[in-house]
Structures are given as C-alpha cells and as structure tokens.
Amino acid sequence: MTRFRWFLWGVVAVAAGLFGLFAYQLTQPKDEFIESAMIGQSIPAFALRAAVPDRPGLSSEDLADGKAKLVNIFASWCIPCRAEAAQLEVLRESGAEIVGIAIRDRPEDVSAFLQVYGNPFTRIGADDISEVQLSLGSSGVPETFVVDGNGVITYQHIGDIRPEHVRTILYQLREAGA
Amino acid sequence: MIAEFGLAALWLAAALAGLQLVAGFMGMRDEDEVLARLARPAALVQALLCGLAFLTLLWLFARTDLSVALVANNSHSEKPMIFKLAGAWGNHEGSMLLWVTVMAVAGGLIALVERRLPERTMLATLGAQAFVGLGFYAFLLFSSNPFERLNPAPGEGNGLNPLLQDIGLAFHPPTLYFGYVGLSVAFSFVVGALLTRQVTPEFARVMRPWILGAWVFLTIGITAGSYWAYYELGWGGWWFWDPVENASLMPWLAATALLHSASVLASRDALRAWTVMLGVIGFSMSMVGTFLVRSGILTSVHAFAVDPERGSFILALLAINIGGALVLFITRASTVAEGERFSILSREGALVVNNVALSAVLGIVLLGTLYPLLTEAFDVRVSVGPPYFNPVSAIFVLPMLVVLAVGPLLRWRKDSFARIRMPVFALGIIGLLVLAGVLLTSTIDILPLLGLVLAAVVMVGSFLPLRGRSLRRLPLAVWGMVIAHFGAGVTLFGMASDTAFQQERLVAANAGDVVEVGPWQAVLEGVIPVAGPNWNAMEAQLPLTYDGSEAGEARPQARSFWSPPQETSEIALVTRWNGQLYVGVGNQTEDGRWQLRLWWKPFVTFIWYGGLLIALGGVLALLGRLSVDVRRRVAVRKIADRKEDEAAFVQEAGA
C-alpha cells in the first residue's frame with residue numbers, strides 16, 4: 001500500500017518536473033535557428049568512411065585542398081532533404097563542388113535516396129553517431145556549410161535550401177574563393 | 001449586436017459553470033440540498049448557452065462579418081460556404097470555443113440522463129466537470145475572446161490558410177476535440193469516484209460509453225489526419241512522428257488502455273488503480289497535446305496559433321487539473337488499490353500486459369516528443385525521428401499484438417494453457433507460413449517482415465473468439481471487439497506492406513516522356529493551366545497503364561492560392577484494390593522539363609481501412625453497451641411502475 005503511494009508520489013514528481021520544464025521553456029526566447037559557433041574557425045580533424053560504394057569517404061583534409069566547397073549534411077530518412085535535392089542540383093550545375101555527410105544512415109538507404117533524388121556529391125562520408133555533425137556545430141538535417149580552401153567554415157545555411165536561397169549560397173561560395 | 005450576443009451567452013454559461021461547481025461540491029458534502037438540486041439544471045442550461053454562443057460564431061462566419069476580428073483574420077468573402085463555416089473552428093479562438101461547447105454539451109448530457117451512480121458521486125462528477133470547464137471559460141474570456149470587434153472593419157478578410165481549405169481538414173480538428181472532451185468526461189467521473197470513494201464496477205460501466213465514444217473519435221481523427229498528411233502535404237508518407245501527430249497519438253494510446261482497463265473493472269472489479277490512473281493520464285495527454293500544439297514550445301511542421309501567453313494559460317490549467325487529480329488519487333490510494341485477484345494466465349492477465357505495453361509506448365512517444373525540449377534547456381539541439389520511434393515502440397507493440405491475438409481466447413480469472421493450445425498452435429503455424437512465404441519471395445527489413453507476419457496472425461486470431469458461439473446471439477460488444485482487433489491487423493498489414501514494397505521515382509520529364517514505377521507506366525501528355533475559385537494551377541496530364549492495360553489518368557496540380565499567397569501541391573491518387581499510385585508535380589526546371597514524383601504503394605490504403613474498421617468496432621461496442629443500458633433502464637422502470645400500481649391497488653382495496 002505504502003509502495004503504491006510512493007509510486008504515485010513519483011508520478012507527481014515526474015509531472016511536476018515536466019511542468020517545470022514547460023514553464024522554463026515558455027519563458028525562453030524562441031530562436032528558430034542557432035548559428036554554429038564554428039563559423040570562422042577551422043574544421044576539426046575527422047575522417048569518415050564512404051557512405052556509398054561509388055563515392056569516396058570524407059576527411060577534414062579533403063576540405064582543406066585549396067578549393068572552396070559546400071558541405072551538405074543530409075540523411076535518407078529526412079524529408080526536407082528530398083525537397084532541397086533540386087536546389088543542390090542547381091548549385092552543382094552552377095559549378096559548386098558539393099560533398100555530403102550522411103547522418104545515421106545505411107549504405108543501401110543512401111544509395112536508394114541518391115538514385116531517386118539525384119547525386120550532386122563528389123564525396124560522401126557516413127556519420128553514424130552524428131559525431132562530425134555536432135563538431136561542425138550543426139544540430140539538424142539538412143544543413144549546408146560553405147568551407148573555404150583552407151578548411152575554414154565561412155557560412156552556414158540551416159534547413160532545406162529553397163530556390164530563393166541558391167543565389168546567397170553561390171555568393172557566399174564565391175566569397176570563400178571558389 | 002450578434003457578436004455581443006454570443007459573448008453574453010458565453011459569460012452566462014461561465015457563470016452557470018460556477019453555479020454547477022458550487023452546487024456539485026456542496027451537494028456532495030450533504031451540506032445543502034437546495035443547492036444540490038441546482039447542479040443538474042445548471043449543467044443543462046450551460047450546455048444550451050454554450051451551444052448558442054457557438055452557433056452565433058458560425059453565423060458570424062457565414063455572413064463574413066468583418067467587424068469581428070476573428071472573422072477578418074480567418075475568413076474571406078470569396079471563400080466557399082463550407083470553408084467559411086469550417087473557418088469558425090480552424091483557428092485558435094474558435095477551436096477553443098468549440099472545445100468548451102462540446103464539453104458543456106457532454107456535461108449537460110450526463111446531467112440529463114445519467115442516474116445509475118450514487119447521487120453524491122454524480123454531484124462530485126458534475127462539480128469536477130464544472131471545475132475543468134471553468135478553467136477553459138477563463139482561458140476563452142480573458143485571453144482568447146472569439147467575439148472581439150475590429151474597429152474600423154476592414155474591406156476584405158485575410159483568408160484561410162489554403163492547406164486548411166480541404167474538406168477532410170475541416171472536420172479533422174473537431175473530431176479530435178470530441179475525443180479529447182470525451183476523455184475529460186471520463187476524467188470528471190474518475191475525480192467524482194475518487195472524491196466519494198466509489199471506484200466500483202458501476203462507475204466503470206457508467207464511464208465506459210464515454211471512453212468508447214472518445215476513443216472512436218480519436219481513432220477517426222488520427223486516421224483522417226494521417227490520410228490528410230498523406231495526400232495534402234505531398235510527401236508520400238502517412239506518419240511522420242511529428243509532435244502534432246504524437247500529440248493526438250498519446251491520448252489515443254491512453255484511451256485504448258483505459259477502455260480495456262474499464263472493461264475489466266466493469267465485469268470483474270479488478271484493475272481499479274489502473275483504470276483511475278489511465279483516466280487521469282488520458283485527459284492529461286489531451287491537455288499536454290493541446291499545450292504542445294498551441295504554445296509553440298516545440299517546433300513542428302504545423303504548429304499554429306503560437307503564443308507563449310496562451311501556452312502559460314494551458315500550462316496552468318494542466319498543472320491545476322492534473323496535479324489536483326494525482327494528489328487526490330494519493331489520498332484515496334487505500335480505497336482504490338484493492339480488487340479481485342486473478343492469475344497471470346487469464347483474460348485479466350492479458351489485459352494487464354496490454355495496459356503495460358500501451359503505457360510503455362505512450363511513455364516512449366512522450367519521451368521522444370519532449371526530449372528535444374529537455375536537451376534544449378541545456379542548449380543542445382537534437383531532433384528525434386523515425387530511427388528512434390519505430391524500433392523502440394516496436395519492442396512493445398509486437399509482443400502486445402501477439403497477446404491481442406491470444407488474449408480474447410482466455411477465460412476470466414484463471415485459465416490453463418492446455419485449453420487454448422490448439423488455436424495458439426494454429427496461429428503459430430499461420431505466422432510461420434507467412435514468414436516462410438515472404439522470405440522466399442522477397443528480401444525486406446526485419447520490422448516490416450515481423451509486421452506482415454503479425455498482421456496475418458492478428459487478422460486470423462481476431463475471429464477466433466467467435467469459435468463455437470452462436471453468431472446470431474453474440475452480443476454487439478463482442479462483434480465490436482472482433483472487428484476492432486481485425487482492423488488493427490489490417491492497419492498493420494498496410495503499414496508493413498507499404499514500408500516493405502513501395503517504389504519511388506523522381507524525374508524531370510518533357511511532354512511525351514514515359515515514367516515507369518512498379519507495374520505502372522505514365523506518359524506525360526502535357527501540362528495545362530487550370531483556374532479554381534480562389535487559386536490557379538498548373539496541371540500535369542498523365543494517362544496511365546497498369547501491367548500493360550489502360551488504367552485511367554492522373555492529374556496532379558501545383559496550385560497557387562492568392563489570398564493569402566501560398567503554393568501547394570495537389571497530388572493525384574489512383575486507387576486500386578491492391579494499393580495506390582501517388583503522383584505529384586513540382587516546379588518547371590530551367591530547360592522546360594517538369595518535376596514529377598511517382599510512388600507505387602502496395603496496399604497502403606489498408607492502413608486507413610483498418611483505422612475505419614477499428615472505429616467501426618468501437619461504434620458497435622458503444623451501441624451494444626448503450627442498448628443493454630437502455631433495456632435495463634426500461635426494465636427497471638417497468639418494475640417500478642408495477643410496484644406503484646400494486647401499491648395503488650392495495651391502497652384502493654384498503655379504502
């Protein structure tokens with residue numbers, strides 16, 4: 001009996017905790033997007049294995065090879081990533097070199113995704129535990145970073161790339177020396 | 001004048017809710033009989049006034065009275081009539097008024113017809129109902145007044161979100177609201193029973209139709225919402241684990257568990273604590289859902305009416321109602337915890353497994369929905385998606401489905417495995433056959449594979465309780481159970497089949513190009529402009545063939561609405577008995593080609609057929625329970641009449 005009562009007090013405690021959390025979050029200013037603290041800094045060292053058989057993997061050295069690039073963070077299970085596929089294609093056609101990081105994904109799923117939505121990537125690294133994603137200061141999929149030839153992040157785009165963003169991203173890429 | 005009339009009716013209704021609160025709780029304590037007699041009429045008149053206020057709002061929307069702020073913000077004179085009316089509840093203020101109205105009508109209905117419980121418990125229940133109601137009245141009148149005027153009145157309204165201008169969506173939110181409110185009635189009964197220490201089988205029987213009704217509405221609401229997201233958002237998926245979807249799923253999970261738990265309490269006087277707990281949780285989840293959607297605390301694809309002030313209001317109501325109920329439960333724990341004993345291998349045992357599994361899934365969904373919020377408090381942003389929800393909830397859902405197939409075969413209180421051995425073996429063999437069949441013909445993932453196997457087991461197993469029973473004399477409620485369980489199997493089959501076998505193509509096509517997907521061939525004949533009442537669109541025309549023979553035409557559209565300006569994708573669906581072809585058209589590329597998306601989704605429709613079957617099962621069970629109640633009531637009245645006659649006869653004879 002007393003155990004049952006303790007259990008109920010536990011439920012009350014959990015509920016109170018939730019209320020507290022809700023109340024705290026309600027008072028917080030709501031920024032839809034938090035910029036990465038990594039902008040202006042060099043990409044931390046990493047090396048990711050290839051996510052698909054027909055493209056090489058990705059390491060931090062690949063990003064410091066003298067040419068500015070776009071780093072697109074995506075996943076086959078991410079729905080906005082499908083929506084931005086067409087814009088990535090436009091960027092590629094406009095001369096941007098795009099490398100991808102597939103987040104928490106399986107090779108067969110990535111391959112299927114690229115087959116359906118197109119493959120604009122020259123390299124794709126598999127980030128199984130979001131390790132590299134988090135170290136870049138990215139918190140969700142999709143996100144796209146502009147990285148200059150020395151491996152320094154110069155710009156971050158959060159969310160899917162819509163047609164109206166293409167020009168900005170191309171501009172940022174040229175600024176970075178592409 | 002009309003708007004002021006509505007507002008006055010609303011204020012009066014709130015005052016009557018206050019009267020109902022005082023009368024209910026004072027009457028419960030036997031302090032004032034005169035007051036106690038006022039509780040039921042107060043509930044009735046409150047229902048009428050609230051109904052009047054809501055009709056007033058409908059009238060304002062029908063006339064497009066732009067001097068009312070809500071109408072000006074959400075309507076437009078050129079909108080079709082049905083969407084003008086739907087606009088009345090397609091926004092925050094109107095939908096809260098609908099909520100309060102449905103709640104008041106439910107309260108009025110209990111006050112009018114329900115006479116089975118001890119009168120003190122009824123008074124406590126009405127008092128609790130009024131208490132919950134008053135919170136929402138305060139919310140409406142102080143922070144979301146739907147009748148607020150706009151001076152000067154604008155020349156034209158702002159329109160309604162075009163995504164919401166859809167007949168399915170016009171009725172989707174009210175359906176969910178009926179479900180939420182039904183759970184609020186169950187909550188009031190629980191509070192009433194706790195206050196008067198009357199957690200009895202009779203209490204469960206009285207509460208059960210309300211749970212059933214709520215559950216049917218939630219089932220329909222979720223099914224319709226899923227189909228809406230499927231064809232309106234144009235993403236080809238039917239469940240996204242979006243916070244708003246989870247917000248409607250969680251009360252459904254609680255209501256499903258509550259429904260089964262209340263059945264045990266009604267017929268066996270066991271699972272009292274479960275029933276009370278689930279009654280509280282069911283309504284809590286309704287409120288948490290409303291809070292998550294309305295406060296904008298979680299970023300969601302379709303969070304609307306985002307406003308922290310409203311969020312604080314709902315949060316306060318949530319804390320008062322739920323915290324109060326839980327503390328009350330603790331003080332009454334001793335009267336609730338005892339109940340009839342039963343062995344693990346019994347109908348009750350199976351239903352406990354069901355309760356545990358549903359509660360676990362509820363916990364998993366709640367955790368996944370709130371986890372981003374929790375980490376955000378520590379400035380870490382994460383998103384939780386299908387890779388978490390699918391496998392983790394499957395851990396509990398899959399065993400639960402096995403129990404679903406076997407549980408109804410068990411007897412109450414105590415049973416032996418030997419008695420049900422044959423049907424269990426039969427089900428096992430069916431499962432193995434399906435497993436072998438699927439493994440031999442295709443390679444699919446483990447979850448859809450298990451889904452297909454269990455779907456077969458559940459579909460067959462759901463009919464086994466009919467074995468050896470006279471179908472003509474079978475109670476309607478049992479039919480309800482059989483059909484609902486069968487529906488669960490059908491839904492599972494649709495989900496597993498679509499996940500395992502769907503095929504997808506995204507192409508940029510010129511006129512004349514042929515696109516193949518699965519057994520389908522589509523030819524892009526051309527793209528023509530079309531004009532609608534408040535939109536225009538580019539429509540792709542795609543004659544289709546299925547397995548080489550002609551199979552109609554798909555005409556997906558890319559629509560542009562002009563008030564407010566917004567682009568939507570109207571996909572084209574071609575439904576066959578064995579699945580759906582899903583076609584969407586996107587933008588034109590620079591070289592003049594059109595983006596086409598085609599999905600072949602085998603048996604995807606079974607997801608929603610199953611949902612409807614589940615709801616149908618609920619309706620049958622509800623009708624069965626109600627007809628038994630009515631028959632019993634008629635019998636009781638006849639006996640009372642006869643006694644009266646006899647008494648009169650005796651008196652006459654004596655005189």
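**Conventions.** I number residues from 1 along each chain as its sequence is written, and I letter chains from A and number ligands from 1 in the order in which they are written. As the model is predicted, local features need pLDDT of at least 70 and side-chain atom pairs count only at pLDDT 80 or more, while totals for chains, interfaces and linings use all residues.

**Entry 1: the sheet in chain A.** I looked up the strand order and found an open sheet of five strands, β5-β4-β3-β6-β7 (chain A), with mixed pairing. Its edge strands are β5 (121-127) and β7 (153-158) of chain A, each of which pairs on one side only. From one strand to the next the twist averages 20°. Helices (H or I, at least four residues) and strands (E, at least two) are DSSP runs numbered from the N terminus; two strands pair if DSSP finds at least two bridges between them.

I then took two pairs of strands in turn. Strand β3 (residues 69-74) and strand β4 (residues 98-103) of chain A run parallel and are joined by five bridges. Within this pair, Asn72(A) has Gly100(A) in β4(A) as its bridge partner. β6(A) and β7(A) pair in the antiparallel sense, also over five bridges. Here Glu143(A) is bridged to Ile158(A) in β7(A). The hairpin of β6(A) and β7(A) has five residues between the strands, and in it Gly151(A) takes a positive phi near 80°.

Entry 2: Helix α5 (residues 166-175) of chain A lies across β3, β6 (143-147) and β7 of chain A and runs at about 170° to β7(A). For that angle, axes are lines fitted to C-alpha atoms, for helices over the stretch in contact, and angles run from 0 to 180 degrees between N-to-C directions. Contact between two residues is counted when their C-beta atoms, placed from the backbone, lie within 7 Å.

I followed the chain into the segment after α5 of chain A, where Gly177(A) is found. Gly177(A) is exposed, because 12 other C-beta atoms lie within 10 Å. The cut-offs are 20 or more other C-beta atoms within 10 Å for buried, 12 or fewer for exposed, and partly exposed in between, with C-beta atoms placed from the backbone. Leaving aside neighbours within four places in sequence, Gly177(A) is in contact with Ala68(A), Asp148(A) and Gly149(A). Its C-alpha atom is separated by 9.0 Å from that of Gly66(A), 111 residues apart along the chain.

Entry 3: Arg104(A) is not a glycine, yet has a positive phi of about 45°. I placed Arg104(A) in the loop between β4 and α3 (107-117) of chain A. Arg104(A) counts as partly exposed because it has 18 C-beta neighbours inside 10 Å. In chain B, Asp547(B) has a positive phi near 55° and lies in the loop between β5 (535-546) and β6 (549-554). With 9 other C-beta atoms within 10 Å, Asp547(B) is exposed.

Entry 4: Helix α9 (residues 243-268) of chain B has 26 residues and reaches 37 Å from its first C-alpha to its last, close to the 38 Å expected. The expected span is 1.5 Å times one less than the number of residues. α9(B) is mostly covered, with 23 of its 26 residues buried. Asp269(B) follows α9(B) and has a positive phi, near 55°.

Helix α15 (residues 421-441) of chain B has 21 residues and reaches 30 Å, close to the 30 Å expected. Two of the 21 residues of α15(B) are buried, so the helix lies largely in the open.

**Entry 5: domains.** Domain bounds come from an automatic or database domain assignment. Chain A is divided into domain 1 (1-29) and domain 2 (47-175), and the C-alpha centres of these two domains lie 41 Å apart. Chain B is divided into domain 1 (1-165), domain 2 (168-397), domain 3 (402-501 + 610-620) and domain 4 (503-602). The centres of domain 2 and domain 3 of chain B, taken over C-alpha atoms, are separated by 24 Å. Their contact takes 20 residues from domain 2 and 16 residues from domain 3 of chain B.

**Entry 6: chain B against chain A.** Which helix of chain B gives the most to the side that touches chain A? I first noted that 35 residues of chain B are in contact with 26 residues of chain A. α11(B) gives the most to that side of chain B, with eleven residues.
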